[in-house]
Amino acid sequence: MRIVNWNVNSARTRVDRMTDFLQRHDVDVLAVQETKCTDAQFPYLAFEALGYEVAHYGLNQWNGVAIISRVGIDDVRTSFPGQPGFAKDPAAPQDVEARAIGALCGGVDVWSLYVPNGREIADRHYDYKLRWLYALGNYASTRLDVPAVFLGDYNIAPRDEDVWDMAFFEGKTHVTEPERAAFDDLLDLGLSETTRQFTEGGYTYWDYKSGRFGKNEGMRIDFQLATPLLTPIGGFIDVEERSTKGASDHTPVVVDYEVGGDASGASKASGEDTP
């Protein structure tokens, strides 16, 4: 099963790019983040015309997540248990945002995730981000005995080599010890970072500003974390998609899986360490 995660930075703006990508790469399941639209505004028909089913969760012009599948969509969930909410005003209701959607696709429990950005270390949004990640870990720990993948924009660069210049990020979010510890906790549960073994050295995000893409000044912040019943057998980052006019600032991350095996199998077979 070919499963892809992609922060598209507006589904309506990039619907043609998304449909072209699905056909060009023979995708089974596409997990989308930052659709930036309500459920009523999402362009369902463009994907249904290609034989895909769509589950989307969007509340306004911010956030928004979707799962686009040609292997079925069942048991759709628009949040995970314990998922915290957020409002800028601490006295206002802390409503759950459209940042997670899960569905069964061809027997695999697929979760499209848009982890909070964190904004600044002193911002309430940073604390929200950490609480969100720890709640995700609590839920993921209950899904280790089924084929499941938690994929999307994690807004974390777990290692120094996942950013183009650590000095540039000093004092900023995405690289702090608490964020990295929260990401590592997900791996310690038994989830496998299946993307890294096929995409070592590749970034998944380049800011639109300052010609970052042309200078390859990027970040690796988009990941797929899979349970042991999914075996990764191949994958790549589609950097070419990011290079063309009108692209999202993120690029698609592609992983091929066999369902029902040991997620460390591919790396063991190739003599690599399990990520």
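User: Which residues form the negative surface patch here?
Analyst: In this predicted model, the negative surface patch is made up of E177, D184, D185 and D188.

User: And where does D188 sit?
Analyst: D188 belongs to helix α4, which covers residues 177-188.

User: Is D188 buried or exposed?
Analyst: D188 is exposed, because its relative accessible area is 64% and the cut-off for that label is over 50%.

User: OK, switching to the sheet. What's the strand order?
Analyst: The open sheet has six strands, arranged as β5-β6-β7-β8-β10-β9, and their pairing is mixed. Its edge strands are β5 (74-77) and β9 (192-193), each of which pairs on one side only.

User: How many bridges join β8 to β10?
Analyst: There are five bridges between strand β8 (residues 148-153) and strand β10 (residues 222-226), and the two strands run antiparallel. Within that pairing, G152 has F223 of β10 as its bridge partner.

User: What about β9 and β10, how do they pair?
Analyst: β9 and β10 are also joined in the antiparallel sense, in their case over two bridges, and E193 is the residue that stands opposite L225 in β10.

User: So β10 keeps coming up. How many of its residues are buried?
Analyst: Five of the five residues in β10 are buried, so that the strand counts as mostly covered.

User: Which residues are on which side?
Analyst: D222, Q224 and A226 lie on one side of β10, while F223 and L225 lie on the other, and with all of them buried both faces are covered. As a general point, side chains in a regular strand alternate between the two faces of the sheet.

User: How far apart are L59 and V239 in space?
Analyst: Their C-alpha to C-alpha separation is 30 Å in space, and L59 and V239 are 180 residues apart in sequence.

User: Last one, G234: which strand is it in, and is it buried or exposed?
Analyst: G234 is part of strand β11, residues 230-237. G234 counts as buried because its relative accessibility is 13%, and buried means under 20%.

Note on methods. Residues numbered from 1 in each chain as written. Predicted model: local features only at pLDDT ≥ 70, side-chain atom pairs only at ≥ 80, totals over all residues. Heavy atoms only, no water. Patch = residues over 30% accessible without salt bridge, like charges linked within 9 Å, V, L, I, M, F, W, Y side chains within 5 Å. Areas by Shrake-Rupley, 256 points an atom, 1.4 Å probe, with all protein chains shown as cover. Salt bridge = Lys/Arg side-chain N within 4 Å of Asp/Glu carboxyl O. Lys, Arg positive; Asp, Glu negative; His and termini not counted. Charge placed at Lys NZ, Arg CZ, Asp CG, Glu CD. Helix = DSSP H or I, 4+ residues; strand = E, 2+ residues; numbered from the N terminus. Buried < 20%, exposed > 50% of the residue type's maximum accessible area, 1.4 Å probe, protein only. Pairing = 2+ DSSP bridges.
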